[in-house]
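I opened a notebook page for one protein chain. These are the entries, in the order in which I looked things up.

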Amino acid sequence: MTVVSSGLYDALAAAIRADQPVALATVIAGPHQGRKLLVGPDHEPLGTLGEPDLDRVVARDALGELAAGTTVVRHYGEHGEAREAVVAVFVESFAPPPQMLVFGAVDFTAALVRVAKVLGYRVTVCDAREVFATRSRFPQADDVVVDWPDRLLGRVGAGLTARDAVCVLTHDAKFDVPALVAALDTEVGYVGAMGSRRTHADRLERLRDAGVGDPALARIRAPIGLDIGARTPEETAVSICAEIIAQRTGRHDARPLRDTDGPIHRPAGPAEFAGPAGPTAPAAAG
């Protein structure tokens, strides 16, 4: 048992150092208390919880928790039976930071990178235009890639999960249509696209022409962001990240811009925010 535990902890430490997703399941109540099982998406489970059937069921469930990046206590029968509480298993997820891929080296991108980094995302900025996609313009990005969006997604798309996000900030069909087609072919949790309602209506037609069906098109959050009245790049970045959080947490009462009518940027109303320097124009999202 000591040898198994030592090897298990060595494997856990190695996975964490390599930024690889891994989950550690521990029996905290019931038979075989203290037994552990280490689970990852790319290797066979290591260790045992004391019962082969329990190992199989917990390994399956732990992979699901790992994909969501959640840590929970789950209950089972002695042999992994559902809806029983003989055994309590603590599943601890060690997931790498969620990824955000931002396509388009535009003015809003730097602000989105800053806000996403505060939220713990690993952020990649991608643009095919070498003059715009530079480290000096996006110093806080983890990676700046000069390439076409669909080519980058062809390389990394298989690794995207429900925790990750793709934000298309270009307004150019030759960039955003291939990017969205490729993004919708992945398991990424959030797909958002910037642009006016008219721009997005034209984009939808181009996507349909490219063979994208309506169920996939419904995944696109466009106009991107929540309707919080954002105007500046920084406010828009907050709006986008707020929508990502709301989708991830299932807060359907949050109001996406795509579910509203009328102008994205609305004029200031009579009730303006009075800040330290007096009334200021309210922000509008977009």
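The entries below go from the model as a whole to single residues.

**Ground rules.** I am working with a predicted model, where local features need pLDDT of at least 70, side-chain atom pairs count only at pLDDT 80 or more, and totals for chains, interfaces and linings use all residues. I number residues from 1 along each chain as its sequence is written, and side-chain values use heavy atoms, with hydrogens and water left out.

**Confidence.** I looked up pLDDT (the predictor's confidence in each residue, from 0 to 100). The protein chain averages 87, and 87% of the residues score at least 70. Over residues 266-286 pLDDT stays under 50, yet the model has 44 contacts beyond four places in sequence for them; a contact means heavy atoms within 4.5 Å. Where pLDDT is low, the predicted coordinates should not be read in detail.

**Overall make-up.** I find 8 helices and 13 strands in the protein chain. Both are DSSP runs numbered from the N terminus, helices being H or I with at least four residues and strands E with at least two. Of the 286 residues, 42% count as buried; buried means under 20% relative accessible area, exposed over 50%, and partly exposed in between, with a 1.4 Å probe and protein chains only. Among contacts with a separation of 6 or more, 57% join residues 24 or more positions apart.

**Helix 2.** Gly69 follows helix 2, with a positive phi near 70°.

**Largest pocket.** The largest pocket holds about 460 Å³ of space. Its lining has 16 residues, and Pro21, Pro96, Gln99, Gly159 and Thr161 lie nearest the centre. I count 9 nonpolar, 3 polar and 4 charged residues in that lining. Helix 2 gives the largest share, 3 residues. For the record, a pocket is an open set of points on a 1 Å grid over the protein atoms alone, where a 1.4 Å probe fits, with protein on both sides within 12 Å along at least five of seven lines; lining residues have an atom within 4 Å of a point. Points are joined across faces, edges and corners, and the volume is the space filled by probe spheres set on them. Ala, Val, Leu, Ile, Met, Phe, Trp, Tyr, Cys and Pro count as nonpolar, Asp, Glu, Lys and Arg as charged, and the others, Gly among them, as polar.

**Backbone.** Most residues other than glycine have a negative phi, and most peptide bonds are trans. I noted that Asp19, in the loop between helix 1 (2-17) and strand 1, has a positive phi near 60°. His32, in the loop between strand 1 and strand 2, has a positive phi of about 65°. Asp19 is partly exposed at 45% relative accessible area, and His32 is partly exposed at 33%. The peptide bond from Ala222 to Pro223 is cis, with omega near -5°. Pro223 sits in the loop between strand 11 (220-221) and helix 8 (233-249).
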